[in-house]
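Me: I would like to go through a structure and ask what its labels rest on. Please set each value against its cut-off.

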Amino acid sequence: MEARLIAALAAALLLGAGCGGPPPERVNADDVMFLQMMIPHHKQGIEIVRLAGPKATTPAVRNLTAAIERTQATEVQAMTKWLTEWDQPLTAPTDAHAGHGGLPETDRERIAAVKNERDLVNLLIAHQDDAVQMARVEVYNGENPKVKEWARQVAASRKAQIDLLLTVLEQ
């Protein structure tokens, strides 16, 4: 009798083992594509502030470029972690980009051509606006709650950065 009870308990534990953990994350192709597009976008943002950031002359722009470098490096790590956890490639196929918004990357020649703070500010406004647009598409089409919430944060923070940069231009 005791052996049967132990066997029944063991079987119940084995059957319930797959049910006790958290449910699998909901992820769709838009979540994956968003992260695959944002990783190189963020890396390019870091490149912009490293190469052109020294042209900043006002404290607001110097502080912003430093914050962009730190924040976007941390965000690249988070996006890479999500894609790895989902067993997805870190980069999109070369032909997939156009089908999901197709925003172009910032031209490297344009980065190299930054001569002063005004050029840098204009470049950052355009670059951060691309991030806002991609984030809005994710909020609308994405499935993963974590990624959608982060996309909302990206849209809001980059919009605030753009507003700050526009204020600098008006001075």
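The questions below take the labels one by one.

Me: What kind of model is this, and what is its secondary structure?
Reply: It is a predicted model. The secondary structure of the protein comes to six helices and zero strands, and from the N terminus on the elements run α-α-α-α-α-α. The protein has 171 residues, of which 36% count as buried. Among contacts with a separation of 6 or more, 82% join residues 24 or more positions apart.

Me: What makes α2 and α5 roughly antiparallel?
Reply: The axes of α2 (residues 29-51) and α5 (residues 117-141) come within 10 Å and cross at roughly 165 degrees. Angles over 145 degrees count as roughly antiparallel, and α2 and α5 are therefore given that label. The crossing of α2 past α5 is left-handed.

Me: Which residues make the contact of α2 with α5?
Reply: On the α2 side they are Asp30, Asp31, Phe34, Met37, Met38, His41, Gln44, Gly45, Ile48 and Val49. On the α5 side they are Leu120, Leu123, Leu124, His127, Gln128, Asp130, Ala131, Met134, Ala135, Glu138 and Asn141. By class, the contact of α2 with α5 has eleven nonpolar, six polar and four charged residues. Gly45 is in the contact, and Gly counts as polar under the classes used.

Me: Why are α2 and α6 called oblique?
Reply: α2 and α6 pack at an angle of about 40 degrees, with their axes 11 Å apart. Roughly parallel needs an angle under 35 degrees and roughly perpendicular one of 65 to 115. The pair α2 and α6 is therefore oblique. α2 passes α6 in a left-handed crossing. Asp31, Phe34, Leu35, Met38 and His42 of α2 meet Val147, Trp150, Ala151, Val154 and Arg158 of α6. This contact of α2 with α6 divides into seven nonpolar, one polar and two charged residues.

Me: How do you know that the length of α6 agrees with its number of residues?
Reply: Helix α6 (residues 145-170) has 26 residues, which at 1.5 Å a residue should span 38 Å. The expected span is 1.5 Å times one less than the number of residues. The end C-alpha atoms of α6 are 38 Å apart, so the two values agree.

Me: How does the reach of α3 compare with the one expected at 1.5 Å a residue?
Reply: α3 has 27 residues and reaches 39 Å from first C-alpha to last, close to the expected 39 Å.

Me: Which residues of α3 and α6 are buried, and what do they pack against?
Reply: In α3 the buried residues are Val61, Leu64, Thr65, Ile68, Gln72, Glu75, Val76, Met79, Trp82 and Leu83. Their cover includes α2, α5 and α6. In α6 the buried residues are Val147, Lys148, Trp150, Ala151, Val154, Ala155, Arg158, Gln161, Ile162, Leu165 and Val168. These residues of α6 pack against α2, α3 and α5.

Me: Why does methionine 79 count as buried?
Reply: Buried means under 20% relative accessible area. Methionine 79 has 0% relative accessibility, so it counts as buried. Methionine 79 lies in helix α3 (residues 59-85). Leaving out residues up to four places away in sequence, methionine 79 touches Leu35, Met38, Ile39, His42 and Trp150. Valine 32 is 47 residues from methionine 79 along the chain, with 9.5 Å between their C-alpha atoms.

Me: Why does isoleucine 48 count as buried?
Reply: The cut-off is again under 20%, and isoleucine 48 is at 0% relative accessibility, so it counts as buried. Isoleucine 48 is in helix α2. Not counting residues up to four places away in sequence, isoleucine 48 touches Gly53, Thr106, Ile111, Leu120, Leu123, Leu124 and His127. Isoleucine 48 and isoleucine 68 are 20 residues apart in sequence, and their C-alpha atoms are 9.7 Å apart.

Me: Why is aspartate 87 called exposed?
Reply: Exposed means over 50% relative accessible area. Aspartate 87 has 70%, so it counts as exposed. Aspartate 87 lies in the loop between α3 and α4 (108-112).

Me: What is the phi of aspartate 87?
Reply: Aspartate 87 has a positive phi of about 60 degrees although it is not a glycine. Most residues other than glycine have a negative phi. Aspartate 87 follows α3 in the chain.

Technical notes: Residues are numbered from 1 along each chain as its sequence is written. This is a predicted model: local features need pLDDT of at least 70, side-chain atom pairs count only at pLDDT 80 or more; totals for chains, interfaces and linings use all residues. Side-chain values use heavy atoms; hydrogens and water are left out. Axes are lines fitted to C-alpha atoms, for helices over the stretch in contact, and angles run from 0 to 180 degrees between N-to-C directions. Helices (H or I, at least four residues) and strands (E, at least two) are DSSP runs, numbered from the N terminus. A crossing is left-handed if the near helix is turned anticlockwise from the far one by less than a right angle, and right-handed if clockwise. Contact means heavy atoms within 4.5 Å. Buried means under 20% relative accessible area, exposed over 50%, partly exposed in between (1.4 Å probe, protein chains only).
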